[in-house]
Amino acid sequence: MLAAAGRGERLGFERPKAFAPLRGRPLLAESLERLEASDWIDAIVVVAPDGWEEPVILLAEELGCGKVAASVAGGPSRAESVALGLGEVPEAAAAILVHDAARPLLPDDVIDRVLRPLGEGWDGAVPGLPVADTIKRVADAAVVETLPREELVAVQTPQAFMPSALRRAFAGDIAAASDCASLVEAAGGRVTVVDGDRRLLKVTGPEDLALVESWL
């Protein structure tokens, strides 16, 4: 599943983030092509910005992305958007990969790394990077706690899950979810961390878009 329903106001464009220009093409095109080219991926469900479902299908056709099986409108939050996308995933799916279109430079080896643990008894797997900075928990501008850096990772997407575990997690309260893995964890699922990739930068502002473009 490709989550692409973000509005992206901080980019400063009069269009959703998925359609921000990256090297003269919509940002979404990069993720679509990389998922299409992966031998690990059988079908793609795109969760599109509301009203942009048809442009997503047209883009997929233009790129020759025949694995795109559905394009559905997202909801007001990322978790609600993923929940809507889940409704389009066949019950017979062997695994569900959830990726953010805002992280366009998706290496195929990361897809490999997050999917393999599902065959080893894990309910989910996420890519993560070590945290370089010291992290402090703060309340009302006062430091409450300094967290042990060696126990922390910055988590990215794609995140991979056993379908039963992900569906069970999304059957509960999803309002406060920061990512899919947090819901699976809260529902009692076992999630492991694999090596992430620094190229999986999340595009949030214009400077991120420029950096990702420089890596292409």
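A crossing of two helices is termed left-handed if the near helix is turned anticlockwise from the far one by less than a right angle, and right-handed if clockwise. By this criterion, the crossing of α3 and α5 is left-handed. The structure is a predicted model, in which local features need pLDDT of at least 70 and side-chain atom pairs count only at pLDDT 80 or more, whereas totals for chains, interfaces and linings use all residues. Residues are numbered from 1 along each chain as its sequence is written, and side-chain values use heavy atoms, with hydrogens and water left out. Helices (H or I, at least four residues) and strands (E, at least two) are DSSP runs numbered from the N terminus.

Two packed helices are described by the angle between their axes and the distance between the axes. For α3 (residues 78-86) and α5 (residues 163-170), the angle is about 130 degrees and the axes lie 11 Å apart; axes are lines fitted to C-alpha atoms, for helices over the stretch in contact, and angles run from 0 to 180 degrees between N-to-C directions. The arrangement of α3 relative to α5 is therefore oblique, given that angles under 35 degrees count as roughly parallel, over 145 as roughly antiparallel, 65 to 115 as roughly perpendicular and the rest as oblique. In the contact (heavy atoms within 4.5 Å), A79, V82, A83 and L86 of α3 meet L166, R167 and F170 of α5. By class, this contact of α3 with α5 comprises 6 nonpolar, no polar and 1 charged residues, where Ala, Val, Leu, Ile, Met, Phe, Trp, Tyr, Cys and Pro count as nonpolar, Asp, Glu, Lys and Arg as charged, and the others, Gly among them, as polar.

Residues are classed as buried under 20% relative accessible area, exposed over 50% and partly exposed in between (1.4 Å probe, protein chains only). In α3, the buried residues include A79, S81, V82, G85 and L86. These residues cover an arc of only 160 degrees around the axis, and so they lie on the same side of α3; the arc is that of the directions from the helix axis to the C-beta atoms. The cover over the buried residues of α3 includes β4, β5, β6 (96-100), α5 and α6 (180-186).

In helix α2 (residues 53-63), V56, L59 and A60 are buried. Viewed down the axis of α2, the buried residues fall within an arc of 100 degrees, so they line one face of the helix. Their packing partners are β3 (25-26), α1 (27-37), β4 (44-48) and β5 (68-73). The face of α2 turned away from the buried side carries the exposed residues E54, E61 and E62. Just after α2, G64 adopts a positive phi of about 75 degrees. G51, in the loop between β4 and α2, is exposed at 55% relative accessibility. The C-alpha atoms of G51 and R10, 41 residues apart along the chain, are separated by 20 Å.

Backbone features also occur in loops. D140, in the loop between β8 (136-139) and β9 (142-146), has a positive phi of about 55 degrees although it is not a glycine. A141 lies in the loop between β8 and β9 and, as a residue other than glycine, has a positive phi near 70 degrees. D140 is exposed with a relative accessible area of 81%, and A141 is exposed at 78% relative accessibility. The peptide bond from T157 to P158 is cis, with omega near 15 degrees; P158 is found in the loop between β10 (153-155) and β11 (159-161).
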